[in-house]
Amino acid sequence: QVQLVESGGGLVQTGGSLRLSCAASGRTFRRNAMGWFRQAPGKEREFVAAIRWSGTTWSPINTNYADSVNGRFTISRDNAKNTVYLQMNSLKPEDTAVYYCVADPLSTLSGQLWGYWGQGTQVTVSS
């Protein structure tokens, strides 16, 4: 059983920064990728960012970002801690949402088909 535990959400003003963390525990993933999705009130859940790494060297292979966050958000991974981070800078009110950590993609990285989902952490950006 895989568990994903997010942390780091909170309230921040426009232009501020937050760093989300997602600690993974349990069995080894079959597909070496993790990511973040978000869902704002009354809106559909959407892809935010994902990172894929090599299963042999553990070095990152590629990262993907939604157009709306590209250049402001950075996804990274700490192999030793089995943790993925989402550094969010220049935050905007439209970034307000519940952010979900995901692991083990079953399709494309930006698709909704992931094997494991965290419980979510709230990010609120005030104007």
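**Entry 1. Charges over rings**

I looked up Arg-77 and found that it lies over the face of Trp-53, at 3.8 Å from the ring centre. The model I am reading is predicted, not experimental. I then turned to Arg-45, whose charged end sits over the ring of Trp-117, 3.9 Å from the centre of that ring.

**Entry 2. Aromatic pairs**

I asked how many aromatic pairs the structure holds. The count is four. For each pair I examined, I noted two values, because a pair of aromatic rings is described by the distance of the centres and the angle of the planes.

I took Phe-37 and Phe-47 to begin with. Their ring centres are 5.6 Å apart and their planes stand at 75 degrees; an angle over 60 counts as edge-to-face, so I recorded the pair as edge-to-face. Phe-37 belongs to strand 4 and Phe-47 to strand 5, and the pair links distant parts of the chain, 10 residues apart. I checked the accessibility of both residues. Phe-37 has 0% relative accessibility and counts as buried. Phe-47, at 11%, also counts as buried.

I next examined Tyr-100 and Trp-117. This aromatic pair is edge-to-face, with 6.4 Å from centre to centre and 70 degrees between the planes. Tyr-100 is part of strand 9 and Trp-117 part of strand 10, so the pair ties together parts that are 17 residues apart in sequence.

Is each of these two residues buried or partly exposed? The cut-off for buried is under 20% relative accessible area, so Tyr-100, at 19%, counts as buried. Trp-117 has a relative accessible area of 25% and is therefore partly exposed.

I also noted that one aromatic cluster is formed by Phe-37, Phe-47, Tyr-100, Trp-114 and Trp-117. Trp-117 of this cluster is the residue whose ring has the charged end of Arg-45 over it.

**Entry 3. The disulfide**

I searched for disulfides and found one. Which cysteines form it? They are Cys-22 and Cys-101, with their sulfur atoms 2.0 Å apart. I read -80 degrees about the S-S bond, and the link is left-handed.

**Entry 4. The nonpolar core**

I listed the largest nonpolar core, which has 36 residues. The members that touch the most others are Leu-4, Met-34, Trp-36, Leu-86, Met-88 and Tyr-99. I looked up which elements give two or more residues to this core; among them are strand 3 (18-25), strand 4 (33-39), strand 8 (83-88) and strand 9 (97-105). Strand 5 (46-53) gives the most, with six residues.

I traced an open sheet of four strands with the order 1-3-8-7 and antiparallel pairing. Which strands stand at its edges? Strand 1 (3-7) and strand 7 do; each has a single partner strand, so one side of each is left without a neighbour in the sheet. From one strand to the next, the twist averages 15 degrees.

I followed the pairing of strand 3 with strand 8, which is antiparallel and runs over six bridges. For Leu-20 I found Leu-86 in strand 8 as the bridge partner. I had already noted Leu-86 in the core, among the residues that touch the most other members.

Note on methods:
Residues numbered from 1 in each chain as written. Predicted model: local features only at pLDDT ≥ 70, side-chain atom pairs only at ≥ 80, totals over all residues. Heavy atoms only, no water. Core = buried A, V, L, I, M, F, W, Y, C linked by side-chain atoms within 4.5 Å. Buried < 20%, exposed > 50% of the residue type's maximum accessible area, 1.4 Å probe, protein only. Phe/Tyr/Trp six-rings, centres within 6.5 Å; stacked < 30°, edge-to-face > 60°. Lys NZ or Arg CZ within 6 Å of the ring centre and 35° of its normal. Disulfide = S-S within 2.5 Å. Pairing = 2+ DSSP bridges. Axes fitted to C-alpha atoms, helices over the stretch in contact; angles between N-to-C directions.
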